[in-house]
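Welcome! Here is a short briefing to read alongside the sequence and the 3D view.

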Amino acid sequence: MGIKYQVNRDFFKIWSSPMAYVLGFIAADGSLEDASYLRGKYLRICSSDREILEKIKIAMDSAHTIATLKPKEICMYGKKYISKEKYMLRIGSHEIYNDLVKLGITLRKSKTIDLPKVPLDYAKDFFRGYLDGDGCINIYEKKRRLSVTFTSGSELFLRQLTGAISISVGIRAHNVFSNNRAFQIKYSTREAVPLLKYIYSDVANELYLNRKHRTFLDFVRLYPKWKEYYGVVPKWLRELSAKQLFTG
């Protein structure tokens, strides 16, 4: 057994905004490792943004080191690429590992993951975590458009995700499409704006990726007419539908 570092081993036992955010990020950019030869079980969270791993460390009360993963050559579809430098937070804990399995995070989850049963109060945090892990926000200035894209290796997960977003935010569910390497759902301006207002509303902690949040703020600054746009579905109906979805 290796050195035991401080971490909140009960972090995934009780729902909270930080827990839901980190769970969403793990669903996108995390993995579990069962190192039986070391009698260890590990959570690994990777990102090209060290900033967000530092925030997750604080949220989980972790003393673990963030490792730097140097760029390497990869071959994809017959072409060679140099990967970006990435960072990894690796936490060894049987308890955290087992709690994540109960929540639906499993070994080799990328193509088989299901949407966890997230309580309504924490849905926006989960969506924000997943967006920061495996999503993007883009501004197209020539067309004055904003887009939000979610990516996954699991088509089923994205179908569940777009359904949950539809009911929570009050926007239509989208078709899942393949881009040859993975599956995606994409929202354009009229739906992207209320979606981002929802996931960034009343953020009491610092758990969000600054560059993505800043992109949304830049869009609202460039095109102020969208500042007060909230969509067309009444809040009471969104909340009723979302409660039915997340609690069954």
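A nonpolar core is a set of buried Ala, Val, Leu, Ile, Met, Phe, Trp, Tyr and Cys residues joined through side-chain atoms within 4.5 Å, where buried means under 20% relative accessible area with a 1.4 Å probe, protein chains only. The largest such core here has 65 residues, and Phe12, Met60, Phe150 and Leu161 have the most contacts inside it. Helix H1 (residues 17-29) gives this core its largest share, eight residues.

Please keep in mind that this is a predicted model: local features need pLDDT of at least 70, side-chain atom pairs count only at pLDDT 80 or more, and totals for chains, interfaces and linings use all residues. Residues are numbered from 1 along each chain as its sequence is written, and side-chain values use heavy atoms, leaving out hydrogens and water.

**Overall picture**

- The protein has eight helices and ten strands; helices (H or I, at least four residues) and strands (E, at least two) are DSSP runs, numbered from the N terminus.
- Of the 248 residues in the protein, 46% are buried.
- Met60, one of the core residues named above, touches Val7, Asn8, Phe11, Phe12, Val22, Leu43, Ile91 and Ile96, not counting residues up to four places away in sequence; contact means heavy atoms within 4.5 Å.

**The sheet with S1, S2, S6 and S3**

- Four strands form an open, antiparallel sheet in the order S1-S2-S6-S3; two strands pair if DSSP finds at least two bridges between them.
- Strand S1 (30-35) and strand S3 (66-69) are at the edges with a single partner strand each, so one side of each has no neighbour in the sheet.
- Strand S2 (residues 40-47) and strand S6 (residues 86-92) run antiparallel and are joined by six bridges; Ser47 has Tyr87 in S6 as its bridge partner.
- Helix H2 (residues 50-59) packs on this sheet and touches S2, S3 and S6, with its direction at about 20° to that of S6; axes are lines fitted to C-alpha atoms, for helices over the stretch in contact, and angles run from 0 to 180 degrees between N-to-C directions.
- Helix H3 (residues 94-102) also packs on the sheet, touching S1, S2 and S6, and makes about 70° with the direction of S2.

**The sheet with S7, S8, S10 and S9**

- Four strands form an open, antiparallel sheet in the order S7-S8-S10-S9.
- Strand S7 (135-140) and strand S9 (177-178) are its edge strands, each pairing on one side only.
- Six bridges link S7 with strand S8 (residues 145-152), and Tyr140 stands opposite Arg145 in S8.
- Helix H7 (residues 210-222) packs on the sheet, touching S7 and S8.

Notes. Buried < 20%, exposed > 50% of the residue type's maximum accessible area, 1.4 Å probe, protein only.
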